[in-house]
Amino acid sequence: MNNPNATATPLKRTDYCGALRAADEGREVVLCGWVHKTRDMGHLVFVDLRDREGLAQVVFQSDRPTLSEEAKKLRGEFVVGVRGRVRRRSSVNKDIPTGEIEVEADALQVFAASKVPPFVVADPPQASEELRLKYRYLDLRRPVMQRRLRLRHEAALAARNYLSKHGYLEIETPILANPTPEGARDFLVPSRMFHGRFYALPQSPQQFKQTLMVAGCDRYFQIVRCFRDEALRADRQLEFTQIDIETSFIDRDEFFALNEGLMEALFGLVGRKVERPFRRIPYAEAMEKYGSDKPDLRVPLEMRDLTAIGREGSSEILKGVVAGGGEIKGLLIPGAGGLSRGQLDKLGEKAKALGAKGLIWVKKQDGWKSSLKTAEADFERIWSVLGGGAADLALLVADKKDAALKVLGEIRRTWPVEDAARRDRLEFCWVTDFPLFEWSEEEKRFVSMHHPFTMPYEEDLHLLETSPDRVRAKTYDLVLNGVEAGGGSIRIHQMDVQRRIFKALGLTDEETQAKFGYFLDALSYGAPPHGGIAHGFDRLVMFLAGEESIREVIPFPKTTGALDLMTGSPSAVDQRALDELGLKLKG
């Protein structure tokens with residue numbers, strides 16, 4: 001396949017394929033890349049050559065018969081070098097940036113041949129996601145994937161530059177660390193030198209970055225890999241990347257402004273304007289209005305509380321729910337009054353699948369129509385509270401509060417709002433003041449809603465021992481279009497408060513010392529007030545690229561089944577390795 005007469009010396013690239021423009025006319029260039037497509041016209045051979053910057057058309061003329069014959073042997077994904085002169089094309093291709101020019105070849109070198117690939121390397125993708133992940137090195141050759149890799153690089157660079165400009169130091173923290181207190185999601189690494197003892201891969205560098213604040217580093221950041229052994233979905237992976245930030249001597253308002261500026265810098269990379277300041281919504285309000293602590297504010301629907309109507313009205317069903325400690329929540333869907341009975345029944349089935357006992361619907365069309373039997377006065381009150389019109393539909397759930405909020409929140413989130421610009425809008429908000437603890441039915445105890453290093457509100461500290469469920473935390477999540485983009489909090493910097501939190505979580509003094517002894521000791525040597533946040537870098541790049549799954553912006557992702565189809569991991573380990581680690585497999 002190599003033609004010794006094509007070029008006497010190895011070709012060395014002078015330009016990227018996608019960088020050539022009309023201004024380069026007349027220049028001699030050397031291009032190196034992959035054969036994207038060939039077209040044999042008999043007297044001419046056209047080759048589209050591709051590299052990470054784009055495509056360039058190369059022309060092989062029949063007046064160089066040896067070179068032309070070699071070009072005819074080229075196939076898709078061959079790696080070649082071409083020397084030639086840039087000239088204007090007779091017909092412009094407006095679909096590509098290099099469409100005004102082509103390169104007339106005078107030398108060709110084949111660096112590597114290629115087998116017939118399992119799919120065509122082209123956009124849009126020509127294969128299933130499973131096949132593309134198995135041959136990820138081929139999938140990454142697609143122009144759109146190359147653009148996403150570049151965007152990921154540019155986003156990381158923009159974050160570094162922005163934070164550095166604001167006085168932050170990038171500091172690396174350990175990858176091998178102690179298991180976390182709630183370590184069921186840790187990836188454990190057995191120690192070869194200390195049999196029976198384990199490191200853990202970090203779910204977050206939480207204790208280390210707080211320790212850096214104790215150490216006087218003042219402003220830290222890191223674009224860091226983290227690991228969590230949990231179920232995967234579109235916005236989660238076993239290993240992921242965070243923009244991790246921690247700051248001393250800063251109040252929440254100042255910290256919010258700093259992070260909003262970071263979002264402005266990132267989205268400016270793709271020409272998208274970020275409206276500042278971001279709206280702030282307390283957790284309790286977010287749950288009451290939207291049924292979610294990650295509200296998608298592009299959806300113009302809000303829930304209302306109708307419990308008083310149930311308590312005071314004539315419906316025995318609603319009265320019974322309220323008497324049993326339940327609540328009644330309502331959601332108005334403008335313009336949905338025309339839904340058929342079959343469509344309403346499907347909504348009811350969805351509500352039951354989400355855990356509710358059922359779904360009540362109300363319409364006002366030639367009188368009241370509803371799945372609930374009650375007095376007209378009750379319907380009038382419901383309609384008044386919800387602000388309903390003749391073409392609208394009201395959906396009610398009467399159940400335990402959490403169930404009612406969950407069901408209507410999910411219906412709200414997935415309702416197909418007719419808004420052509422919805423996909424292109426950026427709706428940021430801060431959700432603040434989460435509960436410090438939540439009850440775990442599985443463990444039958446209170447656990448941290450975020451993590452045990454979160455500062456409670458000072459006015460709630462007296463409730464720690466008596467009513468831990470009523471303690472509010474100085475937490476904040478950054479939400480973008482219904483997705484958690486980042487999460488953080490003001491941290492505990494006083495040792496006695498930290499000990500009280502550990503005790504409220506059910507840890508004994510011995511367990512606290514074993515798990516957090518060094519950290520408590522560090523706090524005792526003078527810790528500054530501090531707080532931080534971790535932004536989901538993969539999720540942010542997903543938004544920047546306009547994608548709906550982080551797998552499309554991660555170079556080598558796992559499947560939703562937690563498999564690496566390209567390398568075949570996870571894989572078995574031989575007995576010798578297990579013996580060295582002092583491990584024995586059960587069963």
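Okay, let's start with Phe-256, which sits in helix α6, residues 252-267. Helices here are DSSP runs of H or I with at least four residues, strands are E runs of at least two, and both are numbered from the N terminus. Keep in mind that this is a predicted model, where local features need pLDDT of at least 70, side-chain atom pairs count only at pLDDT 80 or more, and totals for chains, interfaces and linings use all residues. Residues are numbered from 1 along each chain as its sequence is written, and side-chain values use heavy atoms, with hydrogens and water left out.

So, is Phe-256 buried or exposed? Phe-256 has 0% relative accessibility, so it counts as buried (under 20% relative accessible area, with a 1.4 Å probe and protein chains only). Leaving aside residues up to four places away in sequence, Phe-256 touches Arg-280, Trp-430, Thr-432 and Tyr-476, where contact means heavy atoms within 4.5 Å. Lys-346, by contrast, is 90 residues from Phe-256 in sequence and 42 Å away in space, C-alpha to C-alpha.

Next up, a helix pair. In α7 (residues 283-290), Met-287, Glu-288, Lys-289 and Tyr-290 meet Lys-401, Leu-405, Gly-409 and Arg-412 in α12. That contact splits into three nonpolar, one polar and four charged residues (Ala, Val, Leu, Ile, Met, Phe, Trp, Tyr, Cys and Pro are nonpolar; Asp, Glu, Lys and Arg are charged; the others, Gly among them, are polar).

Last, the second largest pocket. By class, its lining has 13 nonpolar, two polar and four charged residues. Which element gives the most to that lining? That's β7, with three residues.

How values were computed:
Buried < 20%, exposed > 50% of the residue type's maximum accessible area, 1.4 Å probe, protein only.
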